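This briefing gathers computed features of a single chain, grouped by topic for a reader who has the coordinates at hand. Please read each point beside the structure shown below.

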Amino acid sequence: NHNTWWAHKFESGDIMQFNISADYNRSDPSENFDNTRTYYAASGTTETRNRFNDNNSNGYRFSPQGLYAMQFPNEWLAMVETEFTQRYNSYHYDRFNLERLPESDYDALGWLPSVREDMMTAYDSDNSRSYNIMKRQYTGAAAIMKRSDNMSFTVRLPYTHFTEKMGYRNNTLDTLARRSWNEFTPDISYRTYGKTSTPVEFNYSTRFSQPSFESLMPLRNTSNPLYVTINNPDLKNSVTHNFSGRITFKNDSLASSVYVGCHAAITRDAVGNRTTYNTATGAYTNMRDNVNGNWNGSLYGGWQRPL
């Protein structure tokens with residue numbers, strides 16, 4: 001990873017800043033074995049899975065960012081920011097069911113055949129996959145803030161456009177998919193402090209959470225017979241609005257204070273699980289889905305004084 005930062009302060013008090021960061025990662029190989037034996041009481045049958053997973057991945061990210069801050073009278077400051085980020089990641093997941101091999105040696109954990117053709121007879125094509133993702137992010141933001149001896153106030157208005165392209169391949173799907181979306185994530189905070197003022201705090205922010213592109217492919221994962229997962233191509237982005245506030249009442253004669261506060265969060269298109277249970281086998285089938293009506297809130301208060 002690498003980071004370069006440069007800034008210049010003008011005589012007027014304005015500041016110009018430029019930053020660029022980059023990183024590269026590689027994981028090769030990443031291998032693991034597991035051996036399971038499942039007895040189904042309802043049918044009296046036993047299923048053995050001797051699995052070998054061979055994974056590798058690599059990727060990079062680079063992100064230049066620019067900022068200009070303008071100083072105004074009465075301790076006001078205005079900023080404009082711009083940022084571009086590009087990410088690329090490539091993943092390969094090869095799954096092998098070694099119980100398909102005829103040799104009894106492969107019943108043990110951690111043994112592999114020495115011939116590639118023998119390995120391919122154990123290849124689990126239904127649950128193996130490979131894909132690569134190119135993601136670009138374009139962000140522009142404006143902010144205004146004021147900081148003094150007894151208060152701080154900040155409004156930041158970022159707007160981001162995302163584009164994503166993925167090449168996906170397994171035994172049933174070979175496709176090049178694209179998607180794009182926009183996010184507006186305002187952030188507002190206000191705070192008063194100091195010996196003479198009544199401390200007040202208020203914060204509001206918005207947060208987006210998008211499902212991974214890979215999880216939107218119309219596929220099912222049956223590598224674990226007791227927990228089958230089905231992707232949901234219609235899964236939407238979630239957005240959460242966060243509010244919080246607090247006020248403190250001081251009693252200088254007793255050197256104590258009483259505070260009360262609240263917090264609330266409202267989520268639209270939250271992600272939940274749709275689950276079915278097979279009573280004959282004890283297996284679960286799970287699919288993620290969007291649900292609405294999710295919120296949480298809290299009220300709190302207290303009294304404090306120094307000892």
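How much space lies in the largest pocket? In this predicted model, the largest pocket holds about 250 Å³ of space.

**Largest pocket**

- The largest pocket is lined by 15 residues, and those closest to its centre are Asp-126, Asn-127, Leu-219, Arg-220 and Asn-221.
- Sorted by class, the lining of the largest pocket consists of 9 polar, 4 charged and 2 nonpolar residues.

**Salt bridges**

- The structure contains 9 salt bridges, and three of them are described here, including the pair of Glu-164 and Arg-179, whose closest N and O atoms lie 2.9 Å apart.
- Glu-81 forms a salt bridge with Arg-156, and the closest N and O atoms of the two are 3.1 Å apart.
- This pair also links distant parts of the chain, with Glu-81 in strand E4 (residues 76-97) and Arg-156 in strand E6 (residues 151-169), 75 residues apart.
- Glu-81 is buried because its relative accessible area is 14%, whereas Arg-156 counts as partly exposed because its relative accessibility is 30%.
- Asp-28 forms a salt bridge with Arg-26, the closest N and O atoms being separated by 3.0 Å.
- Asp-28, at 44% relative accessibility, is therefore classed as partly exposed, while Arg-26, at 53%, is classed as exposed, the cut-off for exposed being over 50%.

**Nonpolar surface patch**

- Trp-6, Phe-10, Met-16, Phe-18 and Ile-20 together make a nonpolar surface patch of about 430 Å².
- Strand E2 supplies the largest share of this patch, namely 3 residues.
- Ile-20 has its place in strand E2 and counts as partly exposed because its relative accessibility is 31%.

**A loop residue**

- Gly-44 sits in the loop that runs between strand E2 (15-40) and strand E3 (45-72), and its relative accessibility of 46% is why Gly-44 counts as partly exposed.
- The C-alpha atoms of Gly-44 and His-161 are separated by 55 Å, the two residues being 117 residues apart along the chain.

Technical notes
Residues numbered from 1 in each chain as written. Predicted model: local features only at pLDDT ≥ 70, side-chain atom pairs only at ≥ 80, totals over all residues. Heavy atoms only, no water. 1 Å grid on protein atoms, 1.4 Å probe; cavity = no way out; pocket = protein on both sides within 12 Å on 5 of 7 lines; lining within 4 Å. Points joined across faces, edges and corners; volume = space filled by probe spheres on them. Nonpolar A, V, L, I, M, F, W, Y, C, P; charged D, E, K, R; others polar. Helix = DSSP H or I, 4+ residues; strand = E, 2+ residues; numbered from the N terminus. Buried < 20%, exposed > 50% of the residue type's maximum accessible area, 1.4 Å probe, protein only. Patch = residues over 30% accessible without salt bridge, like charges linked within 9 Å, V, L, I, M, F, W, Y side chains within 5 Å. Areas by Shrake-Rupley, 256 points an atom, 1.4 Å probe, with all protein chains shown as cover. Salt bridge = Lys/Arg side-chain N within 4 Å of Asp/Glu carboxyl O.
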